[in-house]
Amino acid sequence: MHVGPYDDEGPVLAALHDEYLAAHGLRMTGLHHEIYLSDPRRTEPAKLRTVLRQPVRSASR
């Protein structure tokens, strides 16, 4: 779950891809996708909530 402006998602995804997956023995199996839970017309940017999902598989497979 990312909380904050949409423009701040890039570094979070980079950390997920470059650090978290390798540290947990995972590899990407497809493109990430985002689920927007907040309405940007009614929510201030600092409070926007977005689910960032990345399909993964064990790196040993």
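**View 1. A46 sits in the loop that joins β3 to β4 (49-53).** This is a predicted model, in which local features need pLDDT of at least 70 and side-chain atom pairs count only at pLDDT 80 or more, while totals for chains, interfaces and linings use all residues. Residues are numbered from 1 along each chain as its sequence is written, and side-chain values use heavy atoms, with hydrogens and water left out. Strands (E, at least two residues) and helices (H or I, at least four) are DSSP runs numbered from the N terminus. Setting aside residues up to four places away in sequence, A46 touches V3, G4 and P5, where contact means heavy atoms within 4.5 Å. H17 is 29 residues from A46 along the chain, and the C-alpha atoms of the two are separated by 23 Å.

**View 2. Y6 and Y36 form an edge-to-face aromatic pair.** A pair of aromatic rings is described by the distance of the centres and the angle of the planes. Here the centres are 5.1 Å apart and the planes make an angle of 70 degrees. The pair ties together parts that are 30 residues apart in sequence, because Y6 lies in the loop between β1 (2-3) and α1 (9-23), and Y36 in strand β3 (residues 33-36). The rule behind this view takes rings of Phe, Tyr and Trp (its six-membered ring) and pairs them if their centres lie within 6.5 Å; planes under 30 degrees apart are stacked, over 60 edge-to-face, and the rest tilted. By this rule the count is one aromatic pair. Y6 has 30% relative accessibility, so Y6 counts as partly exposed; Y36, at 45%, also counts as partly exposed. The cut-offs are under 20% relative accessible area for buried, over 50% for exposed, and partly exposed in between (1.4 Å probe, protein chains only).

**View 3. L26 belongs to strand β2 (residues 26-28).** With 27% relative accessibility, L26 counts as partly exposed. Beyond residues up to four places away in sequence, L26 touches Y20 and L21, as well as V56, R57, S58 and A59. D39 is 13 residues from L26 along the chain, yet their C-alpha atoms are separated by 32 Å.

**View 4. L52 is a buried residue of strand β4.** Its relative accessibility is 18%. Leaving aside neighbours within four places in sequence, L52 is in contact with H2, E9, V12, L13, H33 and E34. M1 is 51 residues from L52 in sequence, but the C-alpha to C-alpha distance is 6.1 Å.

View 5. Along the sequence the pattern reads β-α-β-β-β-β. The C-alpha atoms fill a box of roughly 45 × 15 × 15 Å along the principal axes. The radius of gyration is 13 Å, whereas a compact globule of 61 residues would have one near 10 Å; the radius is taken over C-alpha atoms, and the globule rule is 2.2 Å times the number of residues to the power 0.38. Among contacts with a separation of 6 or more, 64% come from residues 24 or more positions apart.
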